[in-house]
Amino acid sequence: MNVLVINAGSSSLKYQLMNPETGDVSAKGLCERIYIDGRLTHKVGDNKVVKDIPMPSHSEAIQAVLEILVDPEYGVIKSTDEIDAVGHRVLHGGMEFSESCIIDDEVIKAIEKCIPLGPLHNPANLMGIRACQAVMPKTPQVAVFDTAFHMTMPPKAYRYAIPTEYFENDDIRRYGFHGTSHKYIARRAAELYGSKEFKLVNCHLGNGSSLSAVKDGKCQDTSMGLSPLAGVPMGTRSGDIDACVVQFICNKYGMTVDECLNMLNKKSGVLALSETSSDFRDLEAGEAKGDENCVLALQKFFYEVAKYIGAYAAALNGIDMLTFTAGVGENGPDTRAAICEYLGFMGVKIDPEKNNVRGKEALISTPDSKVQVWVIPTNEELMIAQDTAELVSAAK
């Protein structure tokens, strides 16, 4: 089966054509500068081609993707009929969706209903869906939600301690994000552990970071909240913060709430603490040169991640496995080591030699560690493709 995975942004569109059974990627690429002029970067193996193609809307971007996939020189299929289904990443499913689903008119209406919860992403995701429907009307389309994996959280984890009317009338609660990644890691971790009955804390660490507490394959808690702003400090996001900070800054500096939240989302995190960069590689370089701000940014990040792991160990009444994934989690041995230094009270021990790994699956804990510690590269696109294939196959 060939599944086309689509991740549509407001002015961009990422794609991969893959086999959900083997994980093999035939082609992948990026459409960018949609609505401006249009540029397509297409990759097949190690070969890359860049084309300037007019893209006045997402429909033209989808059309450009389909044309290059069947192009005699750059393509990988003979006809678009070889695309069996399309899987769309959708950021926010609100309380409407607890799992992936085949897209129909009712699903589109429900995604539209969630726009107030995901005002930046959901409209763009809908553009990608509608563009595919217009160009590929007979091909099944599936929506895979970033929030769905976390919908197994109990009320004690997802409810905020605010008046009930805001929950009942406005669906204000903890949702969590990076759900497709957390779901993928939970499945792979179960295979590695040899049982579905185990307790896991997964650390998805990158420019955007989130942690999840998982028991027997189901999410019990997660660090992001109503929006991706909550949780640990990230590249440019502040993470958890006293709400009164917003009031104080708005009152003193004449900011609107939207302006203050823009600062917390795009100008905070390790970028603000380091006064250098949101890229952890730059922070490590600055630390090596003795830059105190870079040292502080990294130490703050390690500290907050370790606090969440400790909290989730308490919430789960112990853990069997700790996993690191995503850009920093997979490629940061120093980051993993610094975080695990806080976890000696849990019996966590990592082997420095085994931990010296980047971007590869590896068991990095010692044989006598009371918690297995793994590096597991995430694959959100494969998870989307697999969900899509399962639903489409079941519907036949």
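Q: Let's start with Asn265: is it buried, exposed or partly exposed?
A: Asn265 is partly exposed, because its relative accessible area is 26%, which lies between the 20% limit for buried and the 50% limit for exposed. One thing to keep in mind as we go: this is a predicted model.

Q: Good to know. Where is Asn265 found?
A: Asn265 sits in helix 8, which covers residues 257–266.

Q: And what does Asn265 touch, leaving out residues up to four places away in sequence?
A: Leu229, Thr236 and Arg237.

Q: Switching to helix 2. Which of its residues are buried?
A: In helix 2, residues 105–113, the buried ones are Val107, Ile108, Ala110 and Ile111. They lie on the same side of helix 2, because they cover an arc of only 160° around the axis.

Q: What do those buried residues of helix 2 pack against?
A: Their partners are strand 6 (85–90), strand 7 (101–102), helix 3 and strand 8 (141–145).

Q: Which exposed residues are on the face of helix 2 turned away from the buried side?
A: That face carries Asp105, Glu106, Lys109 and Lys113.

Q: Nice. Which residue caps the N-terminal end of helix 2?
A: Asp104 does the capping, with a side-chain oxygen 3.1 Å from the backbone nitrogen of Glu106.

Q: Now electrostatics. How many salt bridges does a search of the whole structure find?
A: The search finds 15. As background, side chains of opposite charge can pair when their charged atoms come close.

Q: What does the side chain of Glu112 meet in a salt bridge?
A: Its partner is Arg130, at 2.3 Å from N to O. Arg130 lies in helix 3 and Glu112 in helix 2, so this pair ties together parts that are 18 residues apart in sequence. Both ends are partly exposed: Arg130 has 38% relative accessibility, and Glu112 has 33%.

Q: How about Arg174 and Asp221, buried or exposed?
A: Arg174 counts as buried at 17% relative accessibility, and Asp221 is buried too, at 16%. Their side chains meet in a salt bridge of 4.0 Å, N to O. Arg174 is in the loop between helix 5 (164–170) and helix 6 (179–193), while Asp221 is in strand 11 (residues 218–222), so the pair ties together parts 47 residues apart in sequence.

Q: And what about Glu390 and Arg187, how are they paired?
A: Through a salt bridge between their side chains, 3.9 Å from N to O. Glu390 belongs to helix 15 (residues 380–395) and Arg187 to helix 6, so parts that are 203 residues apart in sequence are tied together. Glu390 is partly exposed at 46% relative accessible area, and Arg187 counts as partly exposed at 36%.

Q: Which residues are linked in a network of salt bridges?
A: Arg188, Glu191 and Glu361 are linked that way.

Q: Last topic, the surface. Which residues make the nonpolar surface patch of about 300 Å²?
A: Tyr35, Ile36 and Met127 make that patch. Met127 is found in helix 3, residues 122–135.

Q: What is the relative accessible area of Met127?
A: For Met127 the value is 32%, so this residue is partly exposed.

Notes. Residues numbered from 1 in each chain as written. Predicted model: local features only at pLDDT ≥ 70, side-chain atom pairs only at ≥ 80, totals over all residues. Heavy atoms only, no water. Patch = residues over 30% accessible without salt bridge, like charges linked within 9 Å, V, L, I, M, F, W, Y side chains within 5 Å. Areas by Shrake-Rupley, 256 points an atom, 1.4 Å probe, with all protein chains shown as cover. Helix = DSSP H or I, 4+ residues; strand = E, 2+ residues; numbered from the N terminus. Buried < 20%, exposed > 50% of the residue type's maximum accessible area, 1.4 Å probe, protein only. Arc of directions from axis to C-beta. Contact = heavy atoms within 4.5 Å. Polar contact = N/O pair within 3.5 Å; in protein donor to acceptor, adjacent residues only side chain to side chain.
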